[in-house]
Amino acid sequence: MEEKENIPENQPENNPGEEKLYSERELKELIGKETEELKMKLLETEKLARMDAEEKVKYSREMAEKRLREREIAVAKRELMATAIEKLSEADLPKGLAACLNYESEESCVESISAVSEAFREAVSEAVNRRLKGNAPKLISSTGKDAFLDGLGIE
């Protein structure tokens, strides 16, 4: 039996004095996430317990370097994203196209900007041409009479 939430989605979840009801599926997801995190922490603790002092220092240095690299990558990605949004705006393209870009490196970002902008402009051009083309009005019906006059009932 699944229960529905009593709290609207736009309200904060952590209101003191208010209870949030979770469905069975949501509880399983939360418990699963917590279990995985605890397992990872336990493995980490066991690994550290088996190390001597020198290994612990080396390991902590490696972990700090890893976290620093991850932060640097995240900062570089945010900078590339900001630059890409700026370039899209300068080219009069929607900023939403930034979600389609490759942020692995500056070169790949520039290449993806040009590819996405070209594809977007081609798609817009095709759509405009299709709408402008339309259907040509028929002046004479297949019987040789004026379709407008036939519609009015005039011969």
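Helices here are DSSP runs of H or I with at least four residues, strands are runs of E with at least two, and both are numbered from the N terminus. The model is predicted, so local features need pLDDT of at least 70 and side-chain atom pairs count only at pLDDT 80 or more, while totals for chains, interfaces and linings use all residues. Residues are numbered from 1 along each chain as its sequence is written, and side-chain values use heavy atoms, with hydrogens and water left out.

**Stop 1**

Keep L30 selected. Is it buried or exposed, or partly exposed? L30 counts as partly exposed, because its relative accessibility is 40%. The scale is simple: buried is under 20% relative accessible area, exposed is over 50%, and partly exposed is in between (1.4 Å probe, protein chains only).

Together with L30 they form a nonpolar patch on the surface, with about 350 Å² of accessible area. Patches take residues with over 30% relative accessible area and no salt bridge; nonpolar side chains (Val, Leu, Ile, Met, Phe, Trp, Tyr) are joined within 5 Å, like charges within 9 Å. Accessible areas come from the Shrake-Rupley method with a 1.4 Å probe, and for residues only the protein chains shown count as cover.

**Stop 2**

How many salt bridges does a search of the whole structure find? It finds two. A salt bridge is a side-chain nitrogen of Lys or Arg within 4 Å of a carboxyl oxygen of Asp or Glu.

Select K28 and E24. Their closest N and O atoms are 3.4 Å apart. Both residues lie in helix α1 (residues 24-50), four residues apart, about one turn of the helix. K28 counts as exposed, at 56% relative accessibility. E24 is partly exposed, at 40%.

Next, select E29 and R25. This salt bridge has its closest N and O atoms 3.2 Å apart. E29 and R25 are also in α1, four residues apart, about one turn of the helix. E29 is partly exposed at 41%, and R25 is partly exposed at 47%.

Why does such spacing work? An α-helix has 3.6 residues a turn, so residues three or four places apart point the same way.

**Stop 3: along α3**

Move to helix α3, residues 106-133. Its 28 residues reach 40 Å from first C-alpha to last, close to the 40 Å expected at 1.5 Å a residue. That expected span is 1.5 Å times one less than the number of residues.

Select S108, C109, S112, I113, V116 and S117: in α3, these are buried. Contact means heavy atoms within 4.5 Å.

Step just past α3 to G134. This residue takes a positive phi of about 55°.

**Stop 4**

C100 counts as exposed, at 54%. The structure holds zero disulfides (pairs of cysteine sulfur atoms within 2.5 Å).

**Last stop: the whole protein**

Zoom out. The secondary structure comes to four helices and zero strands, running α-α-α-α from the N terminus on. Of the 155 residues, 13% count as buried. The protein exposes about 13500 Å², and carbon and sulfur atoms supply 55% of it. Among contacts with a separation of 6 or more, 20% join residues 24 or more positions apart.
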